[in-house]
Amino acid sequence: MIAQRYATGVNNANKEVNFLSSPVVSSPLDTLAQLRKPLQNQPSQQAKKTLYKRAKAKYISNNLALKLKDLRSDLERSYFRTFGCASTLEQKGEKITGMYCNNRWCLVCNRIRTAKLIKGYMQPLSELNDPYFVTLTTPNVGEDELRDHIKYMTRTFTKIKDMHRKAKQPIKGLRKTECTHSKQRNNYNPHFHIIVEGKQTAQAIISQWVNRIEGANIEAQDMRPADENSIYELFKYFTKIQYKGGTNLKALDTIFQAMRGLRTFQPMGIKKVSEDVEEIHSEIYEEIEKREALWLWCEDDWIDTATGETLTGHSPTEAAKEIVKGFDAYKHKKPPRPPELSLNTKFYIKN
Ligand SMILES: [Zn+2]
């Protein structure tokens, strides 16, 4: 009976799917969960792998977004949107379409974004002569200064870039902004990773950086010959979401707020690749069983709302459960202690 009702919903939906008012949203998810069973005709290994990894990302991402939303910061609505990211997938034949949130903290979107960036940037970066991987750092900063500090770093780098251009030795490569949080000092470490052409250019950038950035220390900067691995490294996450002893969500929120509206990647002398994940994104999966279906996310996998079949067979690994558990580590923080003791001592000692 319930399956029938879902089926009706799907038929209606197939005429014109509106993801924002999905016909099944009002149906009880737990009932759908009871219907779940594995797919009879399994997709090809490649399709299965992609979808399975997306399910894993979605499982962690949903849990992260829910917790971040509870902080009720200025990003609350954006965090909420991530909860709906790819929550409904519409399948027509071999094509699967979903709505994506395009947020920086979304692991589902990050997987799509990373694939897109690697596809667009790998070729031009691997064609650089004598490529170097440069890391530019500054002294750590507090929460209130973070956004302005990142802008200051960007402005400074732009000046260095202009100097090189005027000297007819333009910098060629790609710059990425990253930021991590120091639990020990409860402050932030924004930094740039740059793949750049030429050892001399790399050296010049570092010395100009140290001269211009207040308090920058030559020992804290780094350069090394770049290879394919370091190029891949560049496309990894922009901030860590998993920390030993638990994730400090407040710190993550601070980083995301500081980076709001700012780009992560800046190409120099090579063609720009958009960091955006399209809101409505379709993919063709060859060797997937052709069907018309509406797949609804239900805790840890998508379920065909008509048949109860699961799309990927994903169930969270212990490691993934551990990451999700880590999101709660700071939830029951005691009221503020005197400043000298305000480090998260308890969690720190544990590690
Ligand atoms: Zn997303």
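Q: How many of the 11 residues of strand 6 (residues 187-197) are buried?
A: A residue is buried if 20 or more other C-beta atoms lie within 10 Å of its own, exposed if 12 or fewer, and partly exposed in between, with the C-beta atoms placed from the backbone. Helices (H or I, at least four residues) and strands (E, at least two) are DSSP runs, numbered from the N terminus. Strand 6 is mostly covered, and the number of its residues that are buried is eight.

Q: What is the mean pLDDT of the chain?
A: This is a predicted model, in which local features need pLDDT of at least 70, side-chain atom pairs count only at pLDDT 80 or more, and totals for chains, interfaces and linings use all residues. Residues are numbered from 1 along each chain as its sequence is written. The pLDDT is the predictor's confidence in each residue, from 0 to 100. In this chain 83% of the residues reach 70 or more, and the mean is 84.

Q: Which residue in strand 6 is the bridge partner of Pro131?
A: Two strands pair if DSSP finds at least two bridges between them. Strand 4 (131-137) and strand 6 pair in the antiparallel sense over seven bridges. Within strand 6, the partner of Pro131 is Glu197.

Q: Which residue in the turn of the hairpin formed by strand 5 and strand 6 has a positive phi?
A: Strand 5 (residues 173-182) also pairs with strand 6 in the antiparallel sense, over 10 bridges, and Cys179 has Pro190 as its bridge partner in strand 6. The hairpin that these two strands form has four residues between them, and the turn residue with a positive phi, about 45°, is Asn186.

Q: Where in helix 5 does a kink of about 30° lie?
A: The bend at a residue is the angle between axes fitted to the seven residues ending there and the seven starting there. Helix 5 spans residues 107-126, and its buried residues, among them Val108 and Tyr121, pack against helix 3, strand 4, strand 5, strand 6 and helix 8 (228-234). The kink lies shortly before the proline Pro124, at Gly120.

Q: How far apart in space are Gly120 and Val273, C-alpha to C-alpha?
A: Gly120 counts as partly exposed because 17 other C-beta atoms lie within 10 Å. Gly120 and Val273 are 153 residues apart in sequence, whereas their distance in space, C-alpha to C-alpha, is 6.0 Å.

Q: Is Arg72 exposed or buried?
A: Arg72 is found in the loop between helix 3 and helix 4 (76-83), and its phi is near 55°, a positive value in a residue other than glycine. Because Arg72 has 10 C-beta neighbours inside 10 Å, its class is exposed.

Q: Which residue in strand 11 does Trp295 stand opposite?
A: Strand 10 (residues 291-298) pairs in the antiparallel sense with strand 2 (residues 88-93) over six bridges, and with strand 11 (residues 301-304) over four bridges. Strand 10 and strand 11 form a hairpin with two residues between them, and Glu299 in the turn has a positive phi of about 70°. In strand 11, the residue opposite Trp295 is Asp304.

Technical notes. Contact = placed C-beta atoms within 7 Å.
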